[in-house]
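Here is a short briefing to read alongside the model. Please keep the 3D view open as you go through the points.

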Amino acid sequence: DCVVLPPSVRLAHEVHVVGIIDAKDYYKKEAENERRRQLRAGKAGDTEKAQLLKQMELDRQEKDAEGPVTHGSVAKKLGDGPNIMRAGDVGIGKSSGG
């Protein structure tokens with residue numbers, strides 16, 4: 001991959017060196033574009049993602065068909081109070097002396 005020129009060869013900067021730099025830039029850009037093409041091609045075949053997006057759209061349409069919520073939330077009585085055991089309920093921290 002390495003080209004060695006004889007010592008008698010002299011490159012004219014405007015013609016040869018600039019041409020080499022342009023060629024390197026061109027192939028670097030083409031390699032980057034090919035990498036992007038490969039990434040896009042990999043993403044295009046994702047059927048699971050497409051199915052998920054389709055299901056999300058169907059769910060969104062179903063929710064829109066239900067219409068707006070017209071009633072507010074109402075508090076409900078859930079029993080005779082909180083079902084919490086505290087330390088004082090079992091006698092911890094209370095003086096039993098007299």
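Glu32, Arg35 and Arg36 are joined in a network of salt bridges, a salt bridge being a side-chain nitrogen of Lys or Arg within 4 Å of a carboxyl oxygen of Asp or Glu. This is a predicted model, in which local features need pLDDT of at least 70 and side-chain atom pairs count only at pLDDT 80 or more, while totals for chains, interfaces and linings use all residues. Residues are numbered from 1 along each chain as its sequence is written, and side-chain values use heavy atoms, with hydrogens and water left out.

**Salt bridges**

- The structure holds five salt bridges.
- Glu32 and Arg35 are three residues apart in helix 1, so about one helical turn separates them.
- Glu32 is partly exposed at 28% relative accessibility, and Arg35 is partly exposed at 44%; buried means under 20% relative accessible area, exposed over 50%, and partly exposed in between, with a 1.4 Å probe and protein chains only.
- Arg37 and Glu34 also meet in a salt bridge, at 2.8 Å from N to O.
- Both Arg37 and Glu34 belong to helix 1, where they sit three residues apart, about one turn of the helix.
- Arg37 has 42% relative accessibility and counts as partly exposed, and Glu34 is partly exposed too, at 35%.
- In helix 2 (residues 47–66), Lys63 and Glu66 are three residues apart, about one turn of the helix.
- The salt bridge between Lys63 and Glu66 has its closest N and O atoms 3.5 Å apart.
- Lys63 is exposed, with 54% relative accessibility, and Glu66 is exposed with a relative accessible area of 54%.

**Aromatic rings**

- A pair of aromatic rings is described by the distance of the centres and the angle of the planes.
- Rings of Phe, Tyr and Trp (its six-membered ring) pair if their centres lie within 6.5 Å; planes under 30 degrees apart count as stacked, over 60 as edge-to-face and the rest as tilted.
- By this rule there is one aromatic pair.
- Tyr26 and Tyr27 make up this pair, which is edge-to-face, with 5.1 Å from centre to centre and 80 degrees between the planes.
- Tyr26 is partly exposed, at 47% relative accessible area, whereas Tyr27 is exposed, at 58%.

**Helices and distances along the chain**

- The protein has two helices and zero strands; these are DSSP runs numbered from the N terminus, helices being H or I with at least four residues and strands E with at least two.
- Lys43 has its place in helix 1 (residues 13–44), and it is exposed, with a relative accessible area of 67%.
- Between Lys43 and Met56 there are 19 Å in space, C-alpha to C-alpha, for a separation of 13 residues in sequence.
- His16 is another residue of helix 1, and at 38% relative accessibility it is partly exposed.
- From His16 to Gly72 the C-alpha atoms are 79 Å apart in space, with the two residues 56 apart in sequence.

**Overall shape and surface**

- The radius of gyration of the protein is 38 Å, whereas a compact globule of 98 residues would have one near 13 Å; the radius is taken over C-alpha atoms, and the globule rule is 2.2 Å times the number of residues to the power 0.38.
- Along the principal axes, the C-alpha atoms fill a box of roughly 115 × 55 × 25 Å.
- How many of the 98 residues count as buried, as a percentage? The share is 0%.
- The accessible surface comes to about 9,900 Å², and 56% of it belongs to carbon and sulfur atoms; the areas come from the Shrake-Rupley method with a 1.4 Å probe, and for residues only the protein chains shown count as cover.

**Charges**

- The protein has 17 positive and 16 negative side chains, with Lys and Arg counted as positive, Asp and Glu as negative, and His and the chain ends not counted.
- The centres of the two sets lie 5 Å apart, the place of a charge being taken as NZ of Lys, CZ of Arg, CG of Asp or CD of Glu.
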